[in-house]
Amino acid sequence: MGYVLNKDWSEILAKNIDVDFKKKLFDFINHEYATKTVYPPKEKIFNSLNYVPLNKIKVVIIGQDPYHTQGQADGLAFSCANGTPQPSLNNIFTEIENDLGIKMSGKTQLETWAKQGVLLLNTSLTVVAGQPTSHSKCGWLTITREIVKIINQCDQPIVFMLWGGHAKSFMDLLTNPKHLVLTAAHPSPLSAYNGFFGCKHFSKCNEFLIKNGVTPIDWQL
């Protein structure tokens, strides 16, 4: 099976990404899938975009690259397809429980959030098995930075959650005063106690959405 990208996003990216650059990137990605084990499955590369049309985005959460172990990456940042949460996702759930006073179910796939308008965007959309950040310099960053630039131009109020230095590197693109930008440490065990725990991003997000007449996100899974 090949790439799956909905018509709306396909047209948006066609207008904003150089044709020759895109061809070079996908020639490389196709070769990687043909010769190596690469995650996520090819048809799920653009899952984050396929779940959330541009005009329905309420929240953007930026991750780095997909999980590089079998059965986990599903095209949504931080989401775990096989039901075994990675430590960062466990810490995200802990913060949600403490912030909102709710109990998470143990479900690890985050499509429920995506269907409500949460864009879970990794900045590299593919990775070679067992090799974290292996596709970080192949061209994906050009695509994903362009996606964030496009979202920044939207009229509807959007919450951007930038966790850790990699995500915060996108701050230069976020110039629209209609949006709310929240920053914190990354939720990984190495940094969660340095400012992720206690950031209260999930309640702050919903307060902002409600204030702007937008239905808040139900973060409980």
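Author: Let's start with how the elements get their names: helices (H or I, at least four residues) and strands (E, at least two) are DSSP runs, numbered from the N terminus. This is a predicted model, where local features need pLDDT of at least 70 and side-chain atom pairs count only at pLDDT 80 or more, while totals for chains, interfaces and linings use all residues. Residues are numbered from 1 along each chain as its sequence is written, and side-chain values use heavy atoms, with hydrogens and water left out.

Reader: Okay, helix α2 then. How do you know what span to expect for α2?

Author: The expected span of a helix is 1.5 Å times one less than its number of residues. Helix α2 covers residues 19–35, which is 17 residues, and runs 24 Å from its first C-alpha to its last, close to the 24 Å expected.

Reader: Which residues of α2 are buried, and what puts them on the same side?

Author: Leu25, Phe26, Ile29, Glu32 and Tyr33 are the buried ones (buried means under 20% relative accessible area, exposed over 50%, partly exposed in between, with a 1.4 Å probe and protein chains only). They span an arc of only 115° around the axis, so they sit on the same side of α2; the arc is that of the directions from the helix axis to the C-beta atoms. Over on the other side of α2, Val19, Asp20, Lys23, Lys24 and Ala34 are exposed.

Reader: And what covers the buried residues of α2?

Author: The cover includes β1 (38–39), β4 (127–128) and α6 (140–152).

Reader: What makes α2 oblique to α6?

Author: The two pack at an angle of about 125°, with their axes 10 Å apart. Angles under 35 degrees count as roughly parallel, over 145 as roughly antiparallel, 65 to 115 as roughly perpendicular and the rest as oblique, so α2 is oblique to α6. The axes are lines fitted to C-alpha atoms, for helices over the stretch in contact, and the angles run from 0 to 180 degrees between N-to-C directions. The contact (heavy atoms within 4.5 Å) is made by Phe21, Leu25, Phe26 and Ile29 of α2 with Trp140, Thr142 and Ile143 of α6.

Reader: How do α4 and α8 cross, then?

Author: Their axes come within 8 Å and cross at roughly 60°, which makes α4 oblique to α8 as well. The contact is made by Ile92, Glu95, Ile96, Asp99 and Leu100 on the α4 side and His201, Phe202 and Ser203 on the α8 side. His201, Phe202 and Ser203 are also among the buried residues of α8, and what covers those includes β2, α4, β5 (159–163) and β6.

Reader: What about Phe78: buried or exposed?

Author: Buried, because its relative accessible area is 10%. Phe78 is in the loop between β2 (59–63) and α4 (87–100), with a positive phi near 75° despite being a residue other than glycine.

Reader: How do you know that Trp113 is buried?

Author: Trp113, in helix α5, has a relative accessible area of 1%, so it is buried. Leaving aside neighbours within four places in sequence, it is in contact with residues including Ile92, Phe93, Met104, Trp219 and Leu221. The C-alpha atoms of Trp113 and Gln220 are 8.8 Å apart, although 107 residues separate them along the chain.

Reader: What does the side chain of Ser105 reach?

Author: The backbone nitrogen of Lys107, at 3.1 Å. That is a polar contact (a pair of N or O atoms within 3.5 Å; within protein, one must be able to donate a hydrogen and the other to accept it, and residues adjacent in sequence count only if both atoms are side-chain atoms). The backbone oxygen of Leu221 also lies 2.9 Å from a polar atom of the side chain of Ser105.

Reader: Last one: which residues are joined by a cis peptide bond?

Author: Tyr39 and Pro40, with omega at about -5°. Pro40 is in the loop between β1 and α3 (47–51).
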